[in-house]
Amino acid sequence: MEITPNVILCVNLLDEAKKKKIRIDFKKLSKLLGIPVVGTIARKKHTLDNLMNTILKVCKKEIIPKPIPVDYSIETDCSSSKITDLKSDTSVELASDKNDDIIISAIMKHAEKICKEVCTFEDSTYSKRDRKIDKILTSKIWGFPIMLLFLGLIFWITIVGANYPSQALFMMFSWIQEKLVFVANYLHFPSWLSSMCINGIYQTLTWIIAVMLPPMAIFFPLFTFMEDLGYLPRIAFNMDGFFKKCCCNGKQAITMCMGFGCNAAGVTGCRIFSSPREKLIAILTNNFVPCNGRFPFLISVATIFIAGSMNGIGASIVSTLAVILVILLGIFCTLLVSKILSKTILKGMPSSFILELPPYRKPQFGKIFIRSIFDRTIFVLGRAICVAAPAGLIIWLFANIGIDGTSLLSIVANFLEPLARLMGLDGYILTAFVFGIPANEIVLPIILMCYLGGTSLVNLDDTFSIGQILANNGWTLLTALNVMIFTCLHFPCATTLLTIKKETGSWKWVGLSFILPTLCGIIICMFTTLIYNIIV
């Protein structure tokens, strides 16, 4: 209303108000605000007719809104003229932040005053159930364990549920690959050309689709379900205190959770920030939490080397705890790096964060499906496919072209060997991470390809066979631990990097988002290697 007098207030969710026996005096509300007020139920399109008619009348000047301004009652020492006289930039920010808080406080008090005048609550206990639930979900004792339980359950459903469609896709693409080989031989294609196109480009492309599509198609609907249910704002509420201490915003908890599904989607979700500084911090640190493409590798390594001597449910519990500890390390690094950025290149105080805890609602499954599949899954998969084909070509070339009998892939591995040894890894592992930049899902297949001396990606479903290959090539408990750490803390995939470029418009921030997690991963791996060698 301060930007323009041409404002219409649309009061939606009148069906929810009716259920809770809340009555609203629209005429009085319009008089108090000085603008037209229209009630709607967005689910029922016929209720929007009155809104459309009001918009038309305002456009034709048949209704002329005259907004009544809010009295902020701002103190003299926080006025804009006083702020300009302050000496340091920090003081200006602190004063501005205080000024913002006073303005927001005035708006909230004004809103409460109006609400009391125009709203009638026939049932004063209408929100009693929600408040009881919130006392548990947002409590200091139960809030975080329940949050971790929810996220753990979503991860488990995603990983277990994705196995079957992934296997089906692998079988389908393998059948197609056999037919392509037959056609190439029938047409007498040069062996190098058919191998490059089929074993290189096609295999990498279909591998990424088969591994990425099912988990995203499961995770994003589950995540959107939690969003529609009203639980995500509760997560932001629980995490707000931690992010505030890092001079950031509680909304970062929501984008961080989105990153568990896909870091590219988490970066896109950073549009919810009104502060450019906080948006950048959230974008730069989103990759510190592992996406669903990294979970299968984390679980495989934990199952083979950390819970390897155990059987049954005990093994799954131990491997799950190991993965959760790595996730917590990623969250800790998110908070730490956010704090460092807030005190260095992205200085500033946290912006005021008004968080609405909406009522718990019955999710709209049709909208959940559309939003999660089309807005998120297909969007992310489309960008992954764009980088998969050229990446497959590069991987094939490096695996098949060599100098003096040594493949380019091995040459790169030998070059990275000294750094890898300092990190408790080997050159082939580090090379796999570098060449796995198109998608985290292909890191393990590249490692197996290197160890087996193959010229194309290797697909093994048997955990025991994978463990034997890794152990025969020098993997120890230290190697497994550092691989898990570096899987969580390393540069973003190509899809995420392209998304960061689009969201920030600058390669500078893309470069920084590449360096920050990688540097953290290298330092922590070196530290664990040092401690392990001292102890052992």
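Student: In which helix is the place of T285?

Tutor: Helices here are DSSP runs of H or I with at least four residues, and strands are runs of E with at least two, both numbered from the N terminus; T285 has its place in helix α12, residues 276-285. The model is a predicted one, in which local features need pLDDT of at least 70 and side-chain atom pairs count only at pLDDT 80 or more, while totals for chains, interfaces and linings use all residues. Residues are numbered from 1 along each chain as its sequence is written, and side-chain values use heavy atoms, with hydrogens and water left out.

Student: Is T285 buried or exposed?

Tutor: Buried means under 20% relative accessible area, exposed over 50%, and partly exposed in between, with a 1.4 Å probe and protein chains only; T285, at a relative accessible area of 2%, is buried. Across the chain, 47% of the 536 residues count as buried.

Student: Which residues is T285 in contact with, leaving aside its neighbours within four places in sequence?

Tutor: A contact means heavy atoms within 4.5 Å, and with those neighbours left aside T285 is in contact with Q252, T334, V337, S338 and L341. A separate value is the distance of 9.8 Å between the C-alpha atoms of T285 and N263, which are 22 residues apart along the chain.

Student: Where in the chain is confidence lowest, and where is it highest?

Tutor: The pLDDT is the predictor's confidence in each residue, from 0 to 100, and the chain averages 84, with 90% of the residues scoring at least 70. Confidence is lowest in helix α4 (residues 80-83), at a mean of 36, and highest in strand β1 (residues 9-11), at 96. Over residues 75-97 the pLDDT is below 50, although this stretch has 22 contacts in the model beyond near neighbours in sequence. Where pLDDT is low, the predicted coordinates should not be read in detail.
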